[in-house]
Amino acid sequence: MTFEEKFWGKCEQEDVYDGCWNWTGAVDSEGYGWHTLPRIPGSKPGTEEHSLNRAVKAHRLAFFLHYGWYPELVCHECDNPSCCNPYHLFGADSSHNNKDTFIKGRNKTVRGSDGRFMNYYPVFGEN
Ligand SMILES: [Zn+2]
């Protein structure tokens with residue numbers, strides 16, 4: 001199973017098209033699902049790559065896997081924090097928290113540890 005297959009397998013896809021895909025893994029007190037990414041293959045202890053925080057919110061990861069970019073914010077249209085249905089999610093940045101930034105936000109550099117980790121995604125995405 002690929003990393004992506006494992007991830008989507010943790011989403012409860014009752015209605016693939018319209019329904020919410022509720023995260024079945026760990027959920028925080030606000031209702032957001034969390035997923036821990038595999039460590040970057042070959043990274044050595046003590047390096048920045050090795051020590052990156054690998055915990056990411058599940059809906060942010062869902063957005064990334066589906067759309068291929070990682071915005072500063074990933075918002076829910078359905079107001080269900082644990083939902084990982086990419087069609088219920090839209091990307092934005094903190095200065096424009098609305099859909100207008102969906103297209104403009106492409107290729108944007110993402111700050112924060114989880115955003116940096118996503119730079120490595122192609123490395124672990126293939127196995
Ligand atoms: Zn939803």
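The predicted model of the protein has a mean pLDDT of 79, with 72% of residues at 70 or more. Here pLDDT is the predictor's confidence in each residue, from 0 to 100. Over residues 97-109 the pLDDT falls below 50. Beyond near neighbours in sequence, this stretch makes 18 contacts in the model; two residues are in contact if their C-beta atoms, placed from the backbone, lie within 7 Å. Where pLDDT is low, the predicted coordinates should not be read in detail. Residues are numbered from 1 along each chain as its sequence is written. In this predicted model, local features need pLDDT of at least 70 and side-chain atom pairs count only at pLDDT 80 or more, while totals for chains, interfaces and linings use all residues.

The protein contains 6 helices and 6 strands. These are DSSP runs numbered from the N terminus: helices (H or I, at least four residues) and strands (E, at least two). Their order from the N terminus is α-β-β-β-α-β-α-β-β-α-α-α.

Of the 127 residues, 21% are buried, that is, 20 or more other C-beta atoms lie within 10 Å of their own, with C-beta atoms placed from the backbone. Not counting residues up to four places away in sequence, Cys84 touches Cys11, Trp21, Trp23, Gly33, Ala58, His59 and Ala62.

Key: A residue is buried if 20 or more other C-beta atoms lie within 10 Å of its own, exposed if 12 or fewer, and partly exposed in between; C-beta atoms are placed from the backbone.
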